[in-house]
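Hi there,

Here is the structure I promised to pass on.

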Amino acid sequence: MADKIKTTRTKELEFGGSIGALLMLIFLPGTVLYLLLTCNTADASVFQVPGPLPPLETLWNPFALTLLLGWMSLQAVLYMLPMGTIAEGITLRDNSRLRYKINAFYAFLVSAVLAGVAVTLRVPLSYVYDHFLEFAVASGIISLALSIFLYIKSLAAPESALAPGGNSGNPLYDFFIGHELNPRIGSFDLKYFCELRPGLIGWCLINLCFLMKDIELRGSASLSMILVCGFQGLYVMDALWHEEAILTTMDIVHDGFGFMLAFGDLCWVPFTYSLQAYFLVRHPQELSTLAAIGIVLLNAVGYIIFRGANSQKNAFRRNPSDPSVTGLETIPTATGKKLLVSGWWGLVRHPNYLGDLIMALAWSLPCGLGHILPYFYVIYFTGLLIHREARDEHQCLKKYGLAWQEYCKRVPYRIFPYIY
Ligand SMILES: NC(=O)C1=CN([C@@H]2O[C@H](COP(=O)(O)OP(=O)(O)OC[C@H]3O[C@@H](n4cnc5c(N)ncnc54)[C@H](OP(=O)(O)O)[C@@H]3O)[C@@H](O)[C@H]2O)C=CC1
Ligand SMILES: CC(C)CCC[C@@H](C)[C@H]1CC=C2C3=C(CC[C@@]21C)[C@@]1(C)CC[C@H](O)C[C@@H]1CC3
């Protein structure tokens, strides 16, 4: 069957094609270094001219690399343990469906217990704060090595296994965007594993290390630090609890596994999404109880929209007659699938992004209003989701044609009601 599938080259190159890919290869690691170095200065100002890069030998820490590899190995073992359930992914081009282990939440629980033991035994977790830049560099090296391995592996993959968006024939572009769709070693799915586990759970562990550093410096953790760690911990647990939902995301269904996702999952997420907590260690902020209550409410509003929208769509896609969605208005499409036009999906075309962005703002506000740096996540994330929304619309227009145009007419705003 696989042999009969015709070569389909990717014609529409995203991210500015091969030049864009080359720039991103430099820009993404450069941004991580810039953010961490700036955050570690006395005024953490983005308006200052960046200082020279520290000597390379101070960035290279073999112990940090070993710890990261140990962390990834622990997550790989937890992934392979016979716990949890099995889910099937969407139907692939060769009509097969891959099977995926659903046990990320258990992996989180085991990791949390181990972290608790480390705190009780007074393992110096603040080491991660003191050597954070070295950890980031080590993680960049791991991501690059993994991407090179993935690209070489993809050259031997059958045509049917290549990503629809990552088969341009241009090696640089395909290396960046990902050539093979679902690279596996046996039943170990590399992309699926990296998307949720080492980076996302690692982000929580990094936040914990920063919280411990806060306690070490000041005797107790600040309210700002507790809020940031609490909000982000909730977000990660939510993603792991709903692990099965990522099987239908464009990352798993459309994008290959290359530098973009490998670096995104293993370096970008843990080392830039934790920037607020990193910032708070050196730049502690006073937060009034009233401000804290306001921020908690904002995060709750964001979470209700984010979770409500995601759960409504997931329930509808799993079973359109599910009692929780039967009263909702829909538009039929030529594919047989329907589109929701009321409920959360009647408010804007991407209500889940709206909720996610409101939460992103709530994660930065505990860092006060005096610095731009801790708002990096909200700014980057707005750009990422606007771009992602445009990519998704493009795919939906191809998939649903006139029905999608009708949906756009009925629900004119994309993410922000009455604005965009
Ligand atoms: N923190 C982070 O860095 C990131 C977080 N996210 C979050 O991850 C979550 C998943 O996002 P993402 O992967 O982009 O995809 P979405 O969950 O937004 O799914 C988009 C898909 O939903 C279906 N759909 C769209 N409109 C409708 C409708 N009206 N009725 C029914 N189905 C519809 C279409 O697929 P089909 O019709 O084929 O089912 C479409 O392709 C989001 O909450 C997002 O905020 C995403 C990226 C990064
Ligand atoms: C480095 C680049 C600029 C872009 C990298 C993008 C990745 C960081 C993101 C692509 C899609 C993601 C998703 C999530 C995390 C970030 C990445 C990997 C979630 C797992 C976050 C939690 C949500 O509940 C689900 C998300 C799915 C997509």
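**Around ligand 1**

Helix 14 (289-318), strand 6 (338-340), helix 15 (351-364), helix 16 (376-400) and helix 17 (402-410) each give at least two residues to the shell around ligand 1. Please keep in mind that this is a predicted model. Helix 16 provides the largest share of that shell, with 8 residues. In total 25 residues surround ligand 1, and the closest are Y273, Y353, D356, D392 and Y400. Sorted by class, the shell holds 14 nonpolar, 4 polar and 7 charged residues.

An oxygen atom of ligand 1 sits 2.6 Å from an N or O atom in the side chain of D392. A nitrogen atom of the ligand is 2.8 Å from an N or O atom in the side chain of Y235, and a nitrogen atom of ligand 1 is 2.9 Å from a polar backbone atom of L340. Taken alone, ligand 1 exposes 920 Å², of which the protein buries 86%.

**Around ligand 2**

Ligand 2 has 14 residues around it, and E195, A239, D251, D265 and R388 come nearest. On its own this ligand has 600 Å² of accessible area, and the protein covers 86% of it. Helix 8 (190-196), helix 10 (223-241) and helix 12 (259-272) each supply at least two residues of the shell, with the largest share, 4 residues, coming from helix 12. By class, the shell around ligand 2 divides into 9 nonpolar, 1 polar and 4 charged residues.

D251 belongs to helix 11 (residues 250-253). Its relative accessible area is 7%, so D251 is buried.

**Salt bridges**

Side chains of opposite charge can pair when their charged atoms come close. How many salt bridges does a search of the whole structure find? The search gives 15, and I picked out a few of them.

E14 forms a salt bridge with R391, where the closest N and O atoms are 2.6 Å apart. E14 lies in the segment before helix 1 (17-39) and R391 in helix 16, so this pair ties together parts that are 377 residues apart in sequence. Both E14 and R391 are buried. A network of salt bridges links E14, D255 and R391.

R410 takes part in two of the pairs I looked at. With E329 the N to O distance is 2.5 Å. That pair links distant parts of the chain, since E329 is in the loop between helix 14 and strand 5 (330-332) and R410 is in helix 17, 81 residues apart. With E406 the N to O distance is 3.9 Å. E406 and R410 are 4 residues apart in helix 17, so about one helical turn separates them.

Are these residues buried, exposed or partly exposed? E329 is partly exposed, with a relative accessible area of 44%. R410 is partly exposed at 39%, and E406 is partly exposed at 31%.

**On the surface**

V113, V117, L121 and V123 make a nonpolar surface patch of about 360 Å². V113 is part of helix 4 (residues 104-120), and its relative accessible area of 55% makes V113 exposed.

Notes. Residues are numbered from 1 along each chain as its sequence is written. Chains are lettered from A and ligands numbered from 1 in the order in which they are written. This is a predicted model: local features need pLDDT of at least 70, side-chain atom pairs count only at pLDDT 80 or more; totals for chains, interfaces and linings use all residues. Side-chain values use heavy atoms; hydrogens and water are left out. A residue is near a molecule or strand if one of its heavy atoms lies within 4 Å of it. A polar contact is a pair of N or O atoms within 3.5 Å; within protein, one must be able to donate a hydrogen and the other to accept it, and residues adjacent in sequence count only if both atoms are side-chain atoms. Accessible areas come from the Shrake-Rupley method with a 1.4 Å probe; for residues, only the protein chains shown count as cover. Ala, Val, Leu, Ile, Met, Phe, Trp, Tyr, Cys and Pro count as nonpolar, Asp, Glu, Lys and Arg as charged, and the others, Gly among them, as polar. Patches are made of residues with over 30% relative accessible area and no salt bridge: like charges are joined within 9 Å, nonpolar side chains (Val, Leu, Ile, Met, Phe, Trp, Tyr) within 5 Å. A salt bridge is a side-chain nitrogen of Lys or Arg within 4 Å of a carboxyl oxygen of Asp or Glu. Buried means under 20% relative accessible area, exposed over 50%, partly exposed in between (1.4 Å probe, protein chains only).
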